Amino acid sequence: MNMPVVLISEEEIQSRVLELAGQISADYDANDELVLVGVLKGSFIFLADLSRRLTIPRTIEFIAVSSYGSGSRSTGAVRLVMDVRGNIEGKHVLIVEDIVDTGHTLKYLIGMLESHRPASVRTCALVRKAESAEVDVKVDYLGFDIGNEWVVGYGLDYAEQNRTLPYIGVVSPDD
Ligand code: PRP
């Protein structure tokens, strides 16, 4: 596969992450029990950077899901592979995603986490493919809107490759 073509540079990502962290830190009260819920695997780098830029207390949880079907994107049938480990009842949950594509995964996760009776559930995603949306799901904190391209890096993969690139790049699966 050819090297990905840079779409969002490392510098652009880092400065947007800092802005998002500032917004989130301002929106929550320092006494709120904020729990960042990272969605494996793709969110691990974004979550690591975002969480370290926050200036308010926070704890970290992870959740894992998988989509049924063989397509490259989710079909709407999302399955929980690993739930949060800690008790989130009465706490403020912020779901942290690398990408929102069709929106099925995030919609499922909001409903699933709400069943744990948290004080609130909000969403944060680094990138969103606005044209690919199949369901209406609110992203409270969004890094970038992108087109319908296959993107890798900063947690995102193509066939498990290129997750640890410091930038977000575009690949064509035929490369
Ligand atoms: C990606 C991403 C979201 C989901 C978004 O995960 O991290 O969880 O797809 O797609 P949707 O909006 O169409 O539901 P992926 O299935 O690639 O798994 P990974 O994070 O383990 O790479």
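This is a predicted model: local features need pLDDT of at least 70, side-chain atom pairs count only at pLDDT 80 or more; totals for chains, interfaces and linings use all residues.
**Entry 1: a link across the chain**

I started with Glu-89 and Arg-117, whose side chains meet in a salt bridge at 3.2 Å, N to O. For a salt bridge I want a side-chain nitrogen of Lys or Arg within 4 Å of a carboxyl oxygen of Asp or Glu. This pair links distant parts of the chain, 28 residues apart: Glu-89 sits in the loop between strand 4 (78-82) and strand 5 (92-100), and Arg-117 in the loop between helix 3 (104-114) and strand 6. My helices (H or I, at least four residues) and strands (E, at least two) are DSSP runs, numbered from the N terminus.

Residues are numbered from 1 along each chain as its sequence is written, and side-chain values use heavy atoms, with hydrogens and water left out.

Next I checked accessibility, where buried means under 20% relative accessible area, exposed over 50%, and partly exposed in between (1.4 Å probe, protein chains only). Glu-89 is partly exposed at 41%; Arg-117, at 59%, counts as exposed.

How many salt bridges does a search of the whole structure find? I got nine.

One is between Arg-16 and Glu-19, with the closest N and O atoms 2.6 Å apart. These two are three residues apart in helix 1 (residues 10-27), so about one helical turn separates them. Glu-19 came out partly exposed, with a relative accessible area of 46%.

I also looked up Arg-163 and Glu-160, whose side chains meet in a salt bridge at 3.0 Å, N to O. Is Arg-163 buried or exposed? Arg-163 counts as buried, at 13% relative accessibility, while Glu-160 is partly exposed at 44%.

**Entry 2: strand 7**

Five of the six residues of strand 7 (residues 141-146) are buried, so this strand is largely enclosed by the rest of the structure. Strand 7 pairs with strand 6 (residues 120-129) in the parallel sense, over five bridges; to call it pairing, DSSP has to find at least two bridges between the strands. I looked for the partner of Arg-128 in strand 7 and found Asp-145.

**Entry 3: helix 3**

The buried residues of helix 3 are His-104, Thr-105, Leu-106, Leu-109, Ile-110, Met-112 and Leu-113. What covers them? I found that the cover includes strand 2 (34-40), strand 3 (59-67), strand 4, strand 5 and strand 6, going by contact, meaning heavy atoms within 4.5 Å.
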